[in-house]
2 protein chains.
Amino acid sequence: MNLPPLVQTFVLHFGEMGSRWGINRTVGQIYALLYLSKEPLNAEDIVERLGVSRSNVSMGLKELQAWNLVRHQHKPGDRRDYFTTPDDIWQIVRTLVEERKKREIDPTMTLLREVLMQEPASAEERHAQERMREMHDLFELLTGWYADVQRLDTDRLVQLLTLGSKVQKILEMKDRLFVVPGSKKSRRDDLKDK
Amino acid sequence: MNLPPLVQTFVLHFGEMGSRWGINRTVGQIYALLYLSKEPLNAEDIVERLGVSRSNVSMGLKELQAWNLVRHQHKPGDRRDYFTTPDDIWQIVRTLVEERKKREIDPTMTLLREVLMQEPASAEERHAQERMREMHDLFELLTGWYADVQRLDTDRLVQLLTLGSKVQKILEMKDRLFVVPGSKKSRRDDLKDK
DNA sequence: CCGAACTTTCAGTAACTTCTGAAATTTCGG
DNA sequence: CCGAAATTTCAGAAGTTACTGAAAGTTCGG
């Protein structure tokens, strides 16, 4: 491995972190390297800096492309492929969340919906279904929230995150100031239901 | 494997999902089984239902305990250990987020802080440090938000998530209605700075 | 449309993880 | 404080994933 010390520390750390993630060490290292690099790198650059085989880099880049985590670039008069990460780190976050949702949440939601359609054949199955419904509803709430904030531009998103739970204060204020009579199911309606 | 069909489907799915996560198949299956089960289960119950070895279950439970994902229980007049997941799914979410933060974010933050203290020895290192600073600031923002909402009780958290980006509307309203003159750094101050 | 430059694929092997049965250890009722 | 019940540890077998070098495939300037 042939890297400046600061870069190497980070690259090694990300390699190890990768393993906690279902991403392998080399893929983690390639990504870290690209993330830190000012200039786009080609496969051979990566081979030299990380000291792994050419084919390993090829596989790793393929995987990163499957995750939409790297951009392809072409330099004029150079046939090699160059790779970068987006300059905007928020773009990276968005992609990561999107892809993880696609691979982990969506298939689970599909399965939950299927299983929730079936008739439980025993008390045990009935209880299991109830638990699955809780998970289903949880995921629905979370993905709904995600779909919502995902559309915000970065400034507003940062603003929202910076506020954190202080939003709560504003909510309470709103609750006290306005009662929206036509709303489908307000908290006040909840109380009436009991 | 000796389970009602609905339960089996879910357990198998979670086993596979586990692998995408750095958690192994058996651990995923044990967790899924405990999650769905009304009654606490002991190790031998799990062995029978999943059809894996006793020692494998012992290891798996140990790992789940390290993640704080299962509760130990004792039945009077029975020396065996019984295990459950919390009834409240939000408690499970909180634990998961907490533990992942502890294992993935915190060590990375430590490393980033260390590396950001050092003097860059080249233009390359200077740029790399800048990128690391971006990541550091991003993580700081996210963990700050997390620390904030994590303190909310479940009802309020659900309320907040249900609102999603509609909060934005309220924010804009607030911005228009109130100008807080003594605030450290409002958006209006930002504009003046330029 | 040749051939050099570059990339991808792939079979085999190395490295690592998971899983098991057996043995060691702990726990606790009697 | 013995011994049966329960749990944990552990060494090695089985299974899986990562990695390599060699070969096949692709691209494109001349």
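In β3(A), A:Thr84 is the bridge partner of A:Arg71. The model that holds this pair is a predicted one. The bridge belongs to a set of four that join strand β2 (residues 71-74) of chain A to β3(A), and the two strands run antiparallel. Between these strands the hairpin has six residues, and A:Gly77 takes a positive phi near 75° there.

Strand β3 (residues 81-84) of chain A also pairs with strand β1 (residues 41-42) of chain A, in the antiparallel sense and over two bridges. Here A:Tyr82 in β3(A) is the bridge partner of A:Asn42.

Four bridges pair β2(B) with strand β3 (residues 81-84) of chain B in the antiparallel sense. Across this pairing, B:Arg71 stands opposite B:Thr84 in β3(B), and B:His72 stands opposite B:Phe83 in β3(B). The hairpin of β2(B) and β3(B) has six residues between the strands, and in it B:Gly77 takes a positive phi near 75°.

Next come the helices. How do the axes of α2(A) and α4(A) cross? They come within 9 Å and cross at roughly 75°. That angle makes α2(A) roughly perpendicular to α4(A). On the α2(A) side of the contact are A:Thr26, A:Val27, A:Ile30 and A:Tyr31, which meet A:Asn56, A:Val57, A:Gly60, A:Leu61, A:Glu63 and A:Leu64 in α4(A). By class, the residues of this contact divide into six nonpolar, three polar and one charged.

Two or more residues of the surface near DNA strand D are given by each of α2 and α4 of chain A, together with α3 (43-50) and α4 of chain B. Which element gives the largest share of that surface? The largest share comes from α4(B), with six residues. The surface near DNA strand D has five nonpolar, nine polar and eight charged residues.

DNA strand C has 21 residues around it, and the nearest are A:Ser55, B:Asn24, B:Ser53, B:Ser55 and B:Asn56. At least two residues of the surface near DNA strand C come from each of α3 (43-50) and α4 (54-66) of chain A, and from each of α2 (25-36) and α4 (54-66) of chain B. The largest share, six residues, is that of α4(A). Sorted by class, the surface near DNA strand C has five nonpolar, eight polar and eight charged residues.

What remains is the relation between the two protein chains. In general, two copies of a chain are related by a rotation about an axis and a shift along it. For this pair, chain A superposes on chain B by a rotation of 180° with 0.0 Å of shift along its axis, at an RMSD of 0.1 Å. The two copies are thus related as by a two-fold rotation axis.

The contact between the chains takes 55 residues from chain A and 54 residues from chain B. On the side of chain A that touches chain B, at least two residues each are supplied by α1 (5-19), α2 (25-36), α5 (89-117), α6 (123-150), α7 (154-163) and α8 (166-177) of chain A. Of these, α6(A) gives the most, with 16 residues. The residues on that side of chain A divide into 28 nonpolar, 15 polar and 12 charged. Of the interface residues of chain A, 98% are also interface residues in chain B, so the copies meet through the same surface.

Note on methods: Residues are numbered from 1 along each chain as its sequence is written. Chains are lettered from A and ligands numbered from 1 in the order in which they are written. This is a predicted model: local features need pLDDT of at least 70, side-chain atom pairs count only at pLDDT 80 or more; totals for chains, interfaces and linings use all residues. Copies are superposed by least squares on the C-alpha atoms of residues with pLDDT of at least 70 in both. Two residues are in contact if their C-beta atoms, placed from the backbone, lie within 7 Å. Ala, Val, Leu, Ile, Met, Phe, Trp, Tyr, Cys and Pro count as nonpolar, Asp, Glu, Lys and Arg as charged, and the others, Gly among them, as polar. Two strands pair if DSSP finds at least two bridges between them. A residue is near a molecule or strand if its C-beta atom, placed from the backbone, lies within 6 Å of it. Axes are lines fitted to C-alpha atoms, for helices over the stretch in contact, and angles run from 0 to 180 degrees between N-to-C directions. Angles under 35 degrees count as roughly parallel, over 145 as roughly antiparallel, 65 to 115 as roughly perpendicular and the rest as oblique.
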